[in-house]
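Q: Please go through the terms used for this model, and set each value against its definition.

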Amino acid sequence: MDMVSCCGIMCAECPVYIATEKDDETMKKYLALEYSFGGVKFYPKDICCHGCLTVSADHNKFGKNCEIRKCCKVHGIRLCAECKEFPCEKTEEFVPKGSEQRNRLEEMHKACENLL
């Protein structure tokens with residue numbers, strides 16, 4: 001089964017998830033450098049994600065600091081698409097319009113709109 005993150009990324013396509021699953025130290029070092037900017041420093045040990053819907057995400061640098069994930073937890077939902085307020089300011093800020101992940105969330109939101 002394909003896992004989808006809170007913000008609509010397919011986990012199997014996420015470089016951090018892939019590096020974690022493969023336990024690829026070279027990829028982790030590369031990603032740590034790529035994601036270190038704006039005063040945020042990542043180390044290879046920080047490149048660890050088994051999916052943001054897992055309990056381990058509460059303890060990794062990506063999961064515990066993700067604004068979309070925090071918002072989903074506050075609203076008691078798994079994905080942005082399940083929210084009555086979708087799209088919201090956070091979606092607008094972190095999930096670009098026209099992106100594959102935004103399109104995925106919009107499709108999922110339409111599919112569950114009658115249930116919200």
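This is a predicted model: local features need pLDDT of at least 70, side-chain atom pairs count only at pLDDT 80 or more; totals for chains, interfaces and linings use all residues.

Q: Why is aspartate 23 called exposed?
A: Buried means under 20% relative accessible area, exposed over 50%, and partly exposed in between, with a 1.4 Å probe and protein chains only. Aspartate 23 has a relative accessible area of 51%, and is therefore exposed. Its place is in the loop between α1 and α2, where helices are DSSP runs of H or I with at least four residues, strands are runs of E with at least two, and numbering starts from the N terminus. Aspartate 23 also has a positive phi of about 50°, although it is not a glycine.

Q: What class do glutamate 25 and lysine 29 fall in?
A: Glutamate 25 has 41% relative accessibility, so it counts as partly exposed. Lysine 29 has a relative accessible area of 51% and is therefore exposed. Glutamate 25 lies in helix α2, residues 25-35, and lysine 29 is also placed in helix α2. The C-alpha atoms of lysine 29 and glutamate 67 are separated by 24 Å, with the two residues 38 apart along the chain.

Q: What makes tyrosine 35 and phenylalanine 42 an edge-to-face pair?
A: Rings of Phe, Tyr and Trp (its six-membered ring) pair if their centres lie within 6.5 Å; planes under 30 degrees apart count as stacked, over 60 as edge-to-face and the rest as tilted. By this rule the count comes to one aromatic pair. Tyrosine 35 and phenylalanine 42 form it, at 6.3 Å centre to centre and 65° between the planes, which is edge-to-face. Tyrosine 35, at 27%, is partly exposed, whereas phenylalanine 42, at 10%, is buried.

Q: How do you know that the charge of lysine 61 sits over the ring of phenylalanine 42?
A: The rule asks for NZ of Lys or CZ of Arg within 6 Å of the ring centre and within 35 degrees of the ring normal. The charged end of lysine 61 is 4.9 Å from the centre of the phenylalanine 42 ring and is counted as sitting over it.

Q: What joins phenylalanine 86 and proline 87?
A: A cis peptide bond joins them, with omega at about -10°. Proline 87 lies in the loop between α4 and α5 (89-94).

Q: Why is methionine 108 called partly exposed, and what does it touch?
A: Its relative accessibility is 27%, so methionine 108 counts as partly exposed. Contact means heavy atoms within 4.5 Å. Not counting residues up to four places away in sequence, methionine 108 touches Val4, Leu79 and Ala81. Methionine 108 is found in helix α6, residues 100-112.

Q: What makes a set of residues a nonpolar core, and which residues form the largest?
A: A nonpolar core is a set of buried Ala, Val, Leu, Ile, Met, Phe, Trp, Tyr and Cys residues joined through side-chain atoms within 4.5 Å. The largest has eleven residues: Cys6, Cys7, Cys52, Ile68, Cys72, Cys80, Ala81, Cys83, Phe86, Val95 and Leu105. Apart from that core lies another, of ten residues, among them Tyr17, Leu31, Ile47 and Cys49. Cysteine 52 touches Ser5, Cys6, Ala57 and Arg69, not counting residues up to four places away in sequence.

Key: Residues are numbered from 1 along each chain as its sequence is written. Side-chain values use heavy atoms; hydrogens and water are left out.
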